[in-house]
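Trainee: I am new to this model. Could you pick one residue inside it and take me through its surroundings, step by step?

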Amino acid sequence: MTQTTVTSSTTTTTTTPSGLRSLYLIRVAFSLIWVALVVTTSASLMSTDRPTVIAAVLLVIYPLWDVIATLLERRMAGTGSTDRVGTTNVALGLATAAGMIIAVFSTIGTALFVFGIWALLSGAIQLVVAIRRRRTVGAQWPMVISGGLSVLAGASFAAMSASATGSLSTVAGYSAFGAFWFLVSVIALSIRSRREKR
C-alpha cells in the first residue's frame with residue numbers, strides 16, 4: 001500500500017495525478033480479486049494450526065504485489081536508484097515475502113505476525129509519502145488515512161498472532177479497506193484535476 005516520491009539533489013520528480021489514478025485503480029482491482037480468493041477459500045485456509053498451500057500462496061503474493069506496484073510507480077515517475085523511499089518499500093516487500101515463505105511452514109500465528117509487521121511498516125511509509133506529496137500532487141488525505149489505518153491494523157495483526165483465535169481470513173478485511181481508500185483517492189485526485197482545469 002505504499003506510494004513513492006523521488007527527491008534528488010537537483011530535481012524533484014513526482015508521479016502525475018493521472019498516473020496515480022491509473023495505478024490506484026489497478027491496485028483496487030488486485031485487492032478485490034485477492035479478497036475474493038481469500039473469502040472463497042476461507043474454509044480451507046488452514047490445516048490444524050498451519051496455513052494451507054492456498055493460504056501460503058495468497059500470503060506471499062500480497063507483499064510481492066506491493067513491490068510490483070512500487071516498481072510500476074517508479075517507472076511512471078522516471079526514477080531509478082535516487083528513489084530512496086521506493087527502494088525501502090521494495091526491500092521491505094521482498095523481505096516480507098521471504099519471511100512469509102518461512103512463516104507459512106510454521107503456524108497461523110507466525111504468518112499473522114509477519115503480515116502484521118509488514119502492514120505496520122508499509123503503512124508508515126505510505127503515511128510519510130502521502131504527507132510529503134500533499135504539496136506537489138494534492139488530494140492525499142485518503143492515503144494519509146489509509147496509511148494510518150494500515151499502521152493500526154498491522155499492530156493489531158501482530159498482537160492477534162499470539163492469540164489462539166487468530167485467523168488468516170481477517171487479513172481480507174485489511175485488503176478490502178485498502179482497496180476502498182485507493183478508490184477514494186482516485187475520486188479525490190479526479191476532483192482536484194477538474195478544479196485545476198477550470
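Mentor: Start with Ala 111. It is buried because its relative accessible area is 0%, and buried here means under 20%, exposed over 50% and partly exposed in between (1.4 Å probe, protein chains only). Keep in mind that this is a predicted model: local features need pLDDT of at least 70, side-chain atom pairs count only at pLDDT 80 or more, and totals for chains, interfaces and linings use all residues. Residues are numbered from 1 along each chain as its sequence is written, and side-chain values use heavy atoms, with hydrogens and water left out.

Ala 111 sits in helix α4. Helices (H or I, at least four residues) and strands (E, at least two) are DSSP runs, numbered from the N terminus. Now look at what Ala 111 touches. Setting aside residues up to four places away in sequence, the list is Pro 51, Leu 59, Met 100, Ala 103 and Leu 168. A contact is heavy atoms within 4.5 Å. Then find Phe 157, which is 46 residues from Ala 111 along the chain. The C-alpha atoms of the two are 9.6 Å apart.

Leu 59 and Met 100 are among the residues with the most contacts inside the largest nonpolar core, along with Trp 34, Phe 115 and Tyr 174. That core has 33 residues. A nonpolar core is a set of buried Ala, Val, Leu, Ile, Met, Phe, Trp, Tyr and Cys residues joined through side-chain atoms within 4.5 Å. Each of α1 (17-40), α2 (53-77), α3 (84-103), α4 (108-133), α5 (141-160) and α6 supplies at least two of its residues.

Next, follow the rings. Phe 157 belongs to a cluster linked by ring pairs, together with Phe 30, Trp 34, Tyr 62, Trp 65, Phe 115, Trp 118 and Tyr 174. Rings of Phe, Tyr and Trp (its six-membered ring) pair if their centres lie within 6.5 Å; planes under 30 degrees apart are stacked, over 60 edge-to-face, the rest tilted. The structure holds 13 aromatic pairs. One of them joins Phe 180 and Trp 181, edge-to-face, at 5.0 Å centre to centre and 75° between the planes. Phe 180 is partly exposed at 44% relative accessibility. Trp 181 is buried at 14%.

Charges come next. Side chains of opposite charge can pair when their charged atoms come close. The whole structure has one salt bridge, meaning a side-chain nitrogen of Lys or Arg within 4 Å of a carboxyl oxygen of Asp or Glu. It joins Asp 66 and Arg 27 at 2.4 Å, N to O. Asp 66 lies in helix α2 and Arg 27 in helix α1, 39 residues apart. Both Asp 66 and Arg 27 are buried.

Finally, step back to the whole chain. It has six helices and four strands. Along the sequence they run β-β-α-β-β-α-α-α-α-α. Of the 198 residues, 49% are buried. Among contacts between residues at least 6 apart in sequence, 79% join residues at least 24 apart. Leu 183 is partly exposed, at 37%, whereas Ala 111 is buried.
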